[in-house]
Amino acid sequence: MVRDNQGQIHSLTRYQAMWNKPRPESATTDQQMASKLSSEVDKENFYHQVASAAESGWDFSSRWMRNPPDMTTLATTSIIPVDLNTFIYKMERDIEFFAELTGEHIISKEFSDTAKARQIAIDSILWNSEMEQWLDYWLPADVQCQGVYQWNSKSQNRNIFASNFVPIWLNAYHHSGSVKYVNEAKSKGVMRSLKASGLLHMSGIAASLLNTGQQWDFPNGWAPLQHLIVEGLVNCGSAEAREFAEDIASRWVRTNYTAYKASGVMYEKYDVEVCGRSGGSGEYKHQTGFGWSNGVVLSFLEEFGWPRDKEIVCS
């Protein structure tokens, strides 16, 4: 719960894994990192923060660290994430829609009200009009407090991550006749901010600007992040936004195609600085397959096509 400067109290969501031990799948790694900490309380808190970061899917990133790249400074549960609240808003709207469809009008109204309140909260607490981005919000160190926190502009994390632009994705899912989540003027500002952010490179959008050796940081790009942002831009409604979306998609398809032609496989992530290079870093060697990479390429080709005279190999 966060009170804004007008006195209104907003409810938002954070990651909070119910776990304070080494992860079973990475116990040795977690214990080695925790060995740098002196007390059992600090170690249990570290395990809690690690598990919560893993719950986010961004395991791991400077986004969750007080002092990157030091993993022992993970503070995931102290952060109100932009993307998490975006996804939950979408889920609330989905429940509203399907409840109405099945005649559960009371449930539909309940989730409609909840979604509207979350939209106001996202724009009141996370939106930064100067940067024209939504920013993760850092709570004070004592995150066990069950009271209401007072909003402070200095608590917005002004570091740039791809997740800062995820709410524009909601434009793709407004219901027929309803107002888009991000209006045209705001969409233009977000697009302008993304172009100037430093995230966009030869082969797509980087997860962050900081190279920490963690996989959800620079120079790695991830298929879901490209897709969320591109889909949002496509549905802004302007020719300029669609052109920008197609440019991002083309960069991403090209690096996927080039890597596939060279290796015969699709990767889970790619290096956005070098066309055709798989991503690296993190706790394990790069994975091949790969469901979301395959799906996003197919989605981009379905949306934009690929003209025969358009170069598909790296220049």
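Author: First a word on terms: helices (H or I, at least four residues) and strands (E, at least two) are DSSP runs, numbered from the N terminus. This is a predicted model, where local features need pLDDT of at least 70, side-chain atom pairs count only at pLDDT 80 or more, and totals for chains, interfaces and linings use all residues. Residues are numbered from 1 along each chain as its sequence is written, and side-chain values use heavy atoms, with hydrogens and water left out.

Reader: Thanks! Where is H10 found?
Author: H10 lies in strand β2, which covers residues 9–10.

Reader: Is H10 buried or exposed?
Author: H10 is buried, at a relative accessible area of 3%. Buried means under 20%, exposed over 50% and partly exposed in between, using a 1.4 Å probe and protein chains only.

Reader: And which side chain has a polar contact with the one of H10?
Author: That of D4, at 2.8 Å. A polar contact is a pair of N or O atoms within 3.5 Å; within protein, one must be able to donate a hydrogen and the other to accept it, and residues adjacent in sequence count only if both atoms are side-chain atoms.

Reader: What about the sheet, what is its strand order?
Author: The order is β2-β1-β7, an open sheet of three strands with mixed pairing. β2 and β7 (149–150) are the edge strands, each pairing on one side only. Two strands pair if DSSP finds at least two bridges between them. Strand β1 (residues 2–3) runs parallel to β7, with two bridges, and V2 sits opposite Y149 in β7.

Reader: Nice. Switching to helices, how do α6 and α8 pack?
Author: Helix α6 (residues 223–234) packs on helix α8 (residues 291–304) at about 25°, with the axes 9 Å apart. Therefore α6 is roughly parallel to α8, as angles under 35 degrees count as roughly parallel, over 145 as roughly antiparallel, 65 to 115 as roughly perpendicular and the rest as oblique. The axes are lines fitted to C-alpha atoms over the stretch in contact, and angles run from 0 to 180 degrees between N-to-C directions.

Reader: Which residues make that contact?
Author: Among them are H227 and V230 of α6, and W292 and F300 of α8. Contact means heavy atoms within 4.5 Å.

Reader: Last one: where is V272?
Author: V272 is in the loop between β11 (269–271) and α8. V272 is buried, with a relative accessible area of 0%. Leaving aside neighbours within four places in sequence, its contacts include H201, F218 and N220.
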